[in-house]
Amino acid sequence: SFEQFCINYANEKLQQQFNSHVFKLEQEEYMKEQIPWTLIDFYDNQPCIDLIEAKLGILDLLDEECKVPKGTDQNWAQKLYDRHSGSQHFQKPRMSNTAFIVVHFADKVEYLSDGFLEKNRDTVYEEQINILKASKFPLVADLFHDDKDSIPAATTSGKGSSSSKINIRSARPPLKASNKEHKKTVGHQFRTSLHLLMETLNATTPHYVRCIKPNDEKLPFHFDPKRAVQQLRACGVLETIRISAAGYPSRWAYHDFFNRYRVLVKKRELANTDKKAICRSVLENLIKDPDKFQFGRTKIFFRAGQVAYLEKLRADKFRAATIMIQKTVRGWLQKVKYRRLKAATLTLQRFCRGHLARRLAEQLRRTRAAIVFQKQYRMRRTRLAYQRARRAAVIIQAFTRGMLVRRSYRQVLMEHKATVLQKHVRGWMARRRLRRLRGAAIVIQCAFRMLKAKQELKALKIEARSAEHLKRLNVGMENKVVQLQRKIDDQNKEFRTLSEQLSV
């Protein structure tokens, strides 16, 4: 319908503003801050907007057909076919001559031309509008008020669309309506109001909220992932995610970054007055990967997740300081408690130890007297046993040492004789092995010299054969050169004869 066409036209403008704010301005920010950045291509719906609002576009042709006395929806549709058949964003249905398809940002939408002219002419008379303006019901009076600076934008009808409602009033003062205002077409009024809305949006800092339908049946606890992805793609959210993942979504001014994360700076670095140098050194120490952040002229740019990492380090620093304070206070309280317990314990220990010491002294005197008696008796018994064992050990050692010396002498004599025999045998074996190796070396040298002589003889034969072959080839080539020279002379003679005949 005509109403849905206007709504989709407004959504195209809003989507263009969204692309400009999210993509163009985002990438311009990187260029302004001199951050290394590769431009990301994104879909621009300006051709679709030109198809609708440009000169001889859909709205211009609709206004022109409304001015024709006998204009019809079918004639307007035929003009669209003739004018925009070559456009990529305009298509003609196969089975209809009164409908047309516009390829919007979200998806293709088919419009029926029936009723477009009637709705665009806005045949409501001025007297009727004035009566509605003067209504006692505030809702009716607001709906027909002469404020043309606000416009609602609803859902784009088509596959993969999402709802986005906006109602923003222009910063310009409202204009007083004139009689000529109601003579303009609805499409012209809508386009003018839409341009005012875009000027207002461009003068502000917008924030976007995308509403995604979980399913088309509006059922609870049911999520259709394909439908959700279609809506995200239609809204341009996937491109937004892509540029956020590839770029630096988090950014801090040097002053703000220093004020918030100065707790992570070492004390000796705070002596430096250059805050940029302090921020650079802090980030290089905390974040080892240099691709996770970039330094701009006035800001620091971070990859996704790095600010959370810095916040975690800051929280850990505060937590460590808190634990240190708690530790000191709790230690002091425990020390006070410990001193009190220690004083009471020492008093009890002093009395107990005095009683135990007196009892122990009496026991020690008795024990010492018993030990003196035991010592004298055990000493006499042990000395007698030791003297008997010493005499027996001396006799055994004398016989054993004599036997070991005689055995060692016989062993040394046998080893000396064996050494003499080994010396003579090893000398004879070494001389025999030397004679064999010398004879084998002489045989190998003879065979190798014979092989080299054969190879040299073969090379000389091949060289002699190749020289004779080249001589024969040279003789053949000389004959061929002579034949070719004779053939060229004959052809030159024929060419002169033909030339003379032609000249005659």
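Which residues of β2 are buried on one side, and which on the other? The legends below, written for a predicted model, take up this question in the second view.

**View 1. The open sheet contains three strands in the order β1-β2-β3, and their pairing is antiparallel.** The strands at the edges are β1 (90–91) and β3 (108–112), each of which has a single partner strand, so one side of each is left without a neighbour in the sheet. Strand β1 is joined by two bridges to β2 (residues 99–103), with the two strands running antiparallel, and within this pairing phenylalanine 90 stands opposite valine 102 of β2. Between β2 and β3, which also run antiparallel, there are five bridges, and one of the residues involved, valine 103, has lysine 108 in β3 as its bridge partner. The strands β2 and β3 together form a hairpin, with four residues lying between them. As a general point, the strands of a sheet pair through backbone hydrogen bonds, in either a parallel or an antiparallel manner.

**View 2. Strand β2 is covered on both of its faces.** Because five of the five residues of β2 are buried, the strand is largely enclosed by the rest of the structure.

**View 3. The largest nonpolar core has 30 residues, and Ile58, Trp76, Phe100 and Phe116 are those that touch the most other members.** The elements giving two or more residues to this core are the helices α1, α2 (46–53), α3 (58–67), α4 (73–84), α5 (116–121) and α8, together with the strands β2 and β3. Among these elements α1 gives the most to the core, with six residues.

**View 4. Two aromatic pairs are found in a search of the whole structure.** In one of them, phenylalanine 5 and tyrosine 111 are arranged edge-to-face, with 5.3 Å from centre to centre and 85° between the planes. This pair links distant parts of the chain, since phenylalanine 5 belongs to helix α1 (residues 2–32) and tyrosine 111 to strand β3, 106 residues apart; both phenylalanine 5 and tyrosine 111 are buried. In the other pair, the rings of tyrosine 9 and phenylalanine 190 have centres 6.2 Å apart and planes at 45°, so this pair is tilted. Tyrosine 9 lies in helix α1 and phenylalanine 190 lies in helix α8, so the pair ties together parts that are 181 residues apart in sequence. Tyrosine 9 and phenylalanine 190 are both buried.

View 5. Aspartate 142 and leucine 132 are separated by 10 residues in sequence, and their C-alpha atoms are 9.5 Å apart in space.

**View 6. Lysine 218, although not a glycine, has a positive phi of about 60°.** Lysine 218 is placed in the loop between α8 (186–202) and α9 (225–235). Where exposed means over 50% relative accessible area, lysine 218 counts as exposed because its relative accessibility is 74%. Phenylalanine 221, another residue other than glycine, has a positive phi near 55°. Phenylalanine 221 lies in the loop between α8 and α9, and phenylalanine 221 is exposed, with a relative accessible area of 90%.

Conventions. Residues numbered from 1 in each chain as written. Predicted model: local features only at pLDDT ≥ 70, side-chain atom pairs only at ≥ 80, totals over all residues. Heavy atoms only, no water. Buried < 20%, exposed > 50% of the residue type's maximum accessible area, 1.4 Å probe, protein only. Pairing = 2+ DSSP bridges. Phe/Tyr/Trp six-rings, centres within 6.5 Å; stacked < 30°, edge-to-face > 60°. Core = buried A, V, L, I, M, F, W, Y, C linked by side-chain atoms within 4.5 Å.
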